[in-house]
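Subject: Structure for your review

Dear colleague,

Please find below the structure that I am handing over to you. I would be grateful if you could look through it before reading the notes that follow.

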Amino acid sequence: MPLTTQHIKVITEYPLNETLNPFRAKLLEREDENAREGDIADLLGALVVSQAAYNLTAPDSNGNVAARLFSIQQRVRGGVMKVDHFSRLVDVVVANSPDSDIWATVFNLITALSPSTPPRSSITPTFKATPIKTSSSRLADSETREIVEGELFEEMKHCTFRGVKGFHDKFFNPKNWSKEAEASRKKIMTAHDGKRWTGFPTVTDEKLVWDWLRSLEECALANAPYKLHTTKTANQFKERKGQMDLFFQPAAAKASNIVEYEYKNVLVIGEQKKSYDSGRFKSDFLQLSRYVRGVFADQPTRRFVHAFTLCASKMELWVFDRSGAYSSGVLDIHDEPDKFACAIIGYATMDDDAMGLATFIERENGHRHVTLDDSSGNEIRVRLDRPMIRQKAIACRGTACYETENSHVAKFSWVSDKRKLEVEHLRLAEDRGVKGVAGVVAHRRITTIAELRNGLEFPKPHPFRGEAVHFEDLPSSNKRKSSDYTSSDASETKRRRSNSQKPKLARELDDRPSTSKAKLSLYTPSEDLWENRIYSCLVVTPAGRVISEFRTIRELLESLRDAIKAHQSLYETGNILHRDISSNNIIITEPETAGGFKGMLIDLDLAKVKDSSPSGARHQTGTMQFMAVEVLRTVDHTYRHDLESFFYVLLWMCARQSWHNGFAGKETPPKESRLRKWEIGSFTDIADAKEGHMTVNSLERIMGEFPEAFDCVKPLCLNIRKMLFPLDKDERMNFGTPAGDADQLYTPIIAAYDGSMNDL
């Protein structure tokens with residue numbers, strides 16, 4: 001489109017100067033499409049932050065150029081936009097064209113590629129999804145690939161293993177195959193001349209390699225239950241979780257006219273590169289991990305996921321489970337053709353158990369069922385209906401909740417074997433007469449990570465480049481067989497490494513941004529090479545709505561008040577501390593079926609009996625936005641910290657969630673909420689932000705983000721703030737737990753809620 005006089009004025013006033021110089025050489029040299037994708041995203045990022053972009057009005061006069069370019073950049077990062085779209089921009093940048101030509105090209109790009117308004121997620125704060133741990137980070141349109149992969153690195157860096165002994169025998173041993181699979185192996189091996197695969201392309205371009213793989217499949221695996229697929233375009237997957245190169249899915253899921261794929265059907269993930277570069281391992285691994293996380297998110301009850309990379313002729317086979325990732329080590333498909341053939345045939349013919357699918361879930365008449373034991377030891381069969389919660393991470397509890405046919409809730413989760421199981425906490429709470437906490441209907445222990453990894457021998461975790469792994473506390477024999485693994489093997493490492501002792505990159509990563517909706521993980525080194533987790537299904541009653549689905553202000557306040565009463569009962573009567581108060585662990589219930597409670601507490605996975613010894617689990621976790629300041633600073637968790645978390649839930653519901661629940665009227669939410677600082681930055685940054693926000697002046701600014709309908713809640717917020725953060729003799733806010741009876745906080749906070757509801 002032609003530039004206007006005003007455009008030219010802005011471009012002249014804010015020249016690019018040397019801003020784009022670093023990108024010219026890279027854009028000229030790159031041939032690999034994935035590398036060019038990264039360079040183009042970086043180029044767009046440089047344009048996004050330029051002064052001109054912020055001052056140039058978008059082509060349709062809706063917002064500025066920076067916001068529109070940012071949306072396009074994220075789509076490039078997410079792998080949903082091909083580099084071909086940017087050929088003209090690359091040309092004008094490489095040619096060192098005048099700024100006016102560059103911005104004219106940008107305007108044409110925006111007109112061609114972006115919607116008429118910015119994506120809703122970029123202008124409206126949201127909090128609908130499950131809070132998740134570390135990578136946890138969500139993969140949403142509002143996140144860049146760097147942030148997502150940065151979180152994944154933090155999640156996976158201590159639990160990634162390469163060259164695991166016994167890998168091929170466990171997953172790809174032809175001794176366990178059917179006659180048909182063995183016949184397929186023999187057919188495939190006829191394509192190897194003793195030195196190399198005869199049809200393997202000498203130029204390992206993407207399409208040529210894919211065509212070769214498909215030729216092997218057509219030759220030997222025409223009737224296999226699972227089919228190999230390759231993506232022909234950059235947007236063939238419905239979800240914006242990344243467009244994987246290669247993947248296997250059930251043959252029945254393929255239609256002759258298919259145009260879109262779904263992560264819920266993906267069985268095996270593949271990533272292919274034109275060349276092999278050991279120095280690129282980290283980036284390739286994190287790219288693969290992004291896809292795996294997408295599969296776990298859409299298949300939340302899956303036990304593990306198979307994946308592989310094929311870089312030129314170098315192949316590495318992977319398994320990802322809820323305690324990390326481990327591989328076969330790198331093999332050359334020409335030098336070890338039998339291992340390659342076994343892998344391809346294995347992926348195409350594995351049974352559900354070897355594929356890591358949810359074999360414990362039965363399917364009948366279009367419904368899913370799971371069989372559990374009730375409190376008397378009798379088997380009951382529960383139908384899983386509406387999905388409620390799922391967790392978007394890999395190495396985590398993998399929590400997935402479903403409403404059942406009897407209005408109960410079925411919860412699947414992987415919990416450290418060093419923690420007391422939630423069912424034990426709930427039964428203890430019931431025995432001790434706790435009120436306002438979910439009751440146990442049935443339970444089933446499904447499996448453990450140790451059982452899944454049985455027969456494998458693990459080396460030390462992979463030392464990522466620039467990230468030293470410390471094993472001073474490991475026993476002298478650093479290799480352990482999974483069959484030798486027991487829950488009593490590990491003891492918590494008492495000595496914590498100070499920040500000043502960490503390697504430089506570790507310190508930098510501590511200060512990198514984390515993402516919203518993320519579980520914070522304060523990592524504790526352990527003698528164990530990996531975390532053993534117990535997978536179980538727990539059915540509890542009653543069902544309810546998570547508190548973020550409140551429909552009236554009174555319902556919000558009543559539910560929070562009653563959840564605090566439940567917490568008090570759990571703590572004082574049950575002698576149990578919850579330790580994970582968040583918007584997803586408070587449910588809105590019907591008093592008639594919940595013992596008179598309008599709000600109840602759920603999810604005692606991280607709970608702890610008072611005065612019990614440390615669990616020894618590797619991760620101390622909580623939901624980042626709601627964690628107390630002192631907990632973020634690694635102070636031991638107390639009841640007061642949970643009450644602080646309740647307060648943060650109240651503020652979050654009023655300042656963020658209320659805009660989505662029909663309270664805004666004609667008002668518009670702030671473009672950037674102050675509470676965003678509770679989600680991003682280092683753990684220290686988040687603690688500092690919360691501390692600063694708890695002054696009267698800062699809290700009033702946060703309350704300025706409430707819709708007008710919530711003005712009636714502001715006195716309550718100021719009242720609770722005063723109770724939780726009293727001034728000491730030097731007029732400094734006190735974030736500590738007061739000595740004496742816990743009622744000194746519970747009673748006035750509950751009374752404050754009652755008073756606020758009376759005022760309503």
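Does Phe663 count as buried or exposed, and why? Please keep in mind while looking that the model is predicted. Phe663 has a relative accessibility of 15%, and because buried means under 20%, Phe663 counts as buried.

Aromatic pairs

Phe663 also has a ring partner, Phe710. The centres of these two rings are 5.0 Å apart and their planes stand at 75 degrees; planes over 60 degrees apart count as edge-to-face, so the pair of Phe663 and Phe710 is edge-to-face. Phe663 belongs to the loop between α21 and α22 (683-693), while Phe710 belongs to the loop between α23 (696-703) and α24 (714-724), so their pairing ties together parts that are 47 residues apart in sequence. With a relative accessibility of 0%, Phe710 counts as buried.

In total, the structure contains 39 aromatic pairs. One of them joins Tyr402 and Phe412, in an edge-to-face arrangement with 6.1 Å from centre to centre and 85 degrees between the planes. Since Tyr402 is part of strand β12 (residues 400-404) and Phe412 is part of strand β13 (residues 409-416), the pair ties together parts that are ten residues apart in sequence. Tyr402 and Phe412 are both buried.

Ring pairs also build a cluster, whose members are Phe161, Phe167, Phe171, Phe172, Phe248, Phe304, Phe308, Tyr326, Tyr347, Phe458 and Trp530.

Charges over rings

Phe171, a member of that cluster, has the charged end of Lys170 over its ring, 5.9 Å from the ring centre. Likewise, the charged end of Lys690 sits over the ring of Trp678, at 5.4 Å from its centre.

Helix α21 covers residues 639-655, which makes 17 residues. From its first C-alpha to its last, α21 reaches 25 Å, close to the 24 Å expected at 1.5 Å a residue. The helix is mostly covered, with 17 of its 17 residues buried.

Helix α25 (residues 743-759) contains Asn758. Is Asn758 buried or exposed? Its relative accessible area is 65%, and because exposed means over 50%, Asn758 is exposed. Asn758 and Arg554 are 204 residues apart in sequence, and their C-alpha atoms are 9.8 Å apart in space.

With kind regards

Note on methods
Residues are numbered from 1 along each chain as its sequence is written. This is a predicted model: local features need pLDDT of at least 70, side-chain atom pairs count only at pLDDT 80 or more; totals for chains, interfaces and linings use all residues. Side-chain values use heavy atoms; hydrogens and water are left out. Helices (H or I, at least four residues) and strands (E, at least two) are DSSP runs, numbered from the N terminus. The expected span of a helix is 1.5 Å times one less than its number of residues. Buried means under 20% relative accessible area, exposed over 50%, partly exposed in between (1.4 Å probe, protein chains only). Rings of Phe, Tyr and Trp (its six-membered ring) pair if their centres lie within 6.5 Å; planes under 30 degrees apart count as stacked, over 60 as edge-to-face and the rest as tilted. A charge sits over a ring if NZ of Lys or CZ of Arg is within 6 Å of the ring centre and within 35 degrees of the ring normal.
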